[in-house]
Amino acid sequence: MAQFYSPKRRVTTRQNSPVLTLTVDNLDPFGQGVAHHNGKAIFVPGVLPGEQAEVQLTEEKNKFAKGRLKRLLSRSPQRVEPRCPHFGVCGGCQQQHADESLQQQSKAAALVRMIARETGVTPQQEPVIAGPQYGYRRRARLGLLWQPKQQRLVMGFRQAASSDLVPVTRCPVLHPELEQLLTPLRSCLSALQVARRLGHVELVLADNGPVLVLRHLDALKEDDRQALQAFARTKNVTIYLAPDSDSLEKLCGETPYYQVDGLRLDFSPRDFIQVNDHVNQQMVAQALEWLSIQPNDRVLDLFCGMGNFTLPLARRAAAVVGIEGVATLVANGQYNAHNNRLNNASFFHENLEEDVEQQPWAAQGFDKVMLDPARAGAAGVMSHIVKLAPERVVYVSCNPTTLARDSKVLLSAGYRLARVRMLDMFPHTGHLESMALFINGSAPEVAAK
């Protein structure tokens, strides 16, 4: 549930700030090297554990400081050559200079440390759920900016620590079907009459082909519509037009869908779907295994989206109830349940930050609970989960801080933290995703595989 290539505040180096020679000890969850000087942690992007470097301080606080790499004095054997020509300028990836094993080990270790520090429980490190390190991303949003002096349209991602755009011709983390559209798409958009009044473009790879959503600030003339339709025919792309943040018009192509657990889920290109299909397939399978669904089980799926977990659960349980705060996702969940002939799955549009005791689903009993909240976590609903007293709870998290916080509610109610796995959903970035299994009382634990 993470934002890709978001703009960040520009960091400027202080005049006359000191330059230190430091040796990095480890990586933080965001891929920054961590060194120590005079008892203070110093965070330095671009330096790996074991490497010595000259570092110029850019920010200094009471308990930590931040630095900028000036010169690398030694190289780690785990340093690799980044595949992306824009790495170090584009703000999307932070860790292409580190090999796969180092990235995964540092994130998994950070997850265990954070949970242990916040809960007092040290989970056993388990194999990371991972997929390909490149070509994994099936969704991206690129900014569009007309430069009047150069008379050209820039299409790209945000710079690191800036809102400026990096013109992008390659993006190796994008699925190849999307990456190969970058150059011809910019050429197509540059030739439109409305090229000076474009906002951004979103690319999504559905199982039935690429999808493009174009945000345009002025109405499109017929010539521009025909040019986009010609591009769609040539590249086998479905195109949607977005004249504002709420409207969406399908210009041409098929309704996008993806498959999970043998089910077809139709979706709107603005709907949330997991960006990494390889990891999503494994994540859903792992959740089903951990929940150990029995034919008579009633299952509650909180923050359910359009049914990524709900519908696979419904294939195995007696009944599944999905709760989601976005109305369009609820409607799509209901539609997909009907299309997949799953009459035992029901969806409710509710705000889980409000008093859930008053919501219609809250009085029902459930044997198992699944939840996949946003970065803010699930503080508003944890106490109700405890009241439901399910046998098992599987919590998928995109923020280890809120996972650790919410875990304490279950642990204090007598649940035990049985399993934790790191999900390498976003290789080369600082995003740390994970999933945890909690078991109530003396229920049997799932054997590790």
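What is the handedness of the crossing of helix 1 and helix 9? In this predicted model, in which residues are numbered from 1 along each chain as its sequence is written, local features need pLDDT of at least 70, side-chain atom pairs count only at pLDDT 80 or more, and totals for chains, interfaces and linings use all residues. Side-chain values use heavy atoms, with hydrogens and water left out.

The crossing of helix 1 and helix 9 is right-handed, a crossing being right-handed if the near helix is turned clockwise from the far one by less than a right angle, and left-handed if anticlockwise. Helices (H or I, at least four residues) and strands (E, at least two) are DSSP runs numbered from the N terminus. The axes of helix 1 and helix 9 come within 9 Å and cross at roughly 40 degrees, where axes are lines fitted to C-alpha atoms, for helices over the stretch in contact, and angles run from 0 to 180 degrees between N-to-C directions. Helix 1 is therefore oblique to helix 9, given that angles under 35 degrees count as roughly parallel, over 145 as roughly antiparallel, 65 to 115 as roughly perpendicular and the rest as oblique. To this contact (heavy atoms within 4.5 Å), helix 1 contributes Leu111, Met114, Ile115, Glu118 and Thr119, and helix 9 contributes Pro400, Thr401, Leu403, Ala404, Ser407, Lys408 and Leu411. These residues divide into seven nonpolar, three polar and two charged, with Ala, Val, Leu, Ile, Met, Phe, Trp, Tyr, Cys and Pro counted as nonpolar, Asp, Glu, Lys and Arg as charged, and the others, Gly among them, as polar.

Helix 9 (residues 400-412) also packs against helix 8 (residues 379-388), their axes coming within 9 Å and crossing at roughly 20 degrees; the two helices are therefore roughly parallel to each other. Helix 8 passes helix 9 in a right-handed crossing, and the contact involves Ala379, Met382, Ser383, Ile385 and Val386 of helix 8 together with Arg405, Asp406, Val409 and Leu410 of helix 9. Six nonpolar, one polar and two charged residues make up this contact.

For helix 3 (residues 182-190) and helix 4 (residues 222-235), the axes come within 10 Å and cross at roughly 165 degrees, and the pair is therefore roughly antiparallel. The crossing of helix 3 with helix 4 is right-handed; Pro184, Leu185, Cys188 and Leu189 of helix 3 meet Ala227, Leu228, Phe231 and Lys235 of helix 4, giving seven nonpolar, no polar and one charged residues.

A search of the whole structure finds two cavities of 30 Å³ or more. On a 1 Å grid over the protein atoms alone, a cavity is a set of points where a 1.4 Å probe fits but cannot get out, and a pocket is an open set with protein on both sides within 12 Å along at least five of seven lines; lining residues have an atom within 4 Å of a point. Grid points are joined across faces, edges and corners, and a volume is the space filled by probe spheres set on the points. The second largest cavity holds about 60 Å³ and is lined by Ala108, Leu111, Val112, Gln124, Gln125, Glu126, Val420, Arg421 and Met422. Helix 1 (100-119) and strand 21 (415-423) are the elements that give two or more residues to this lining.
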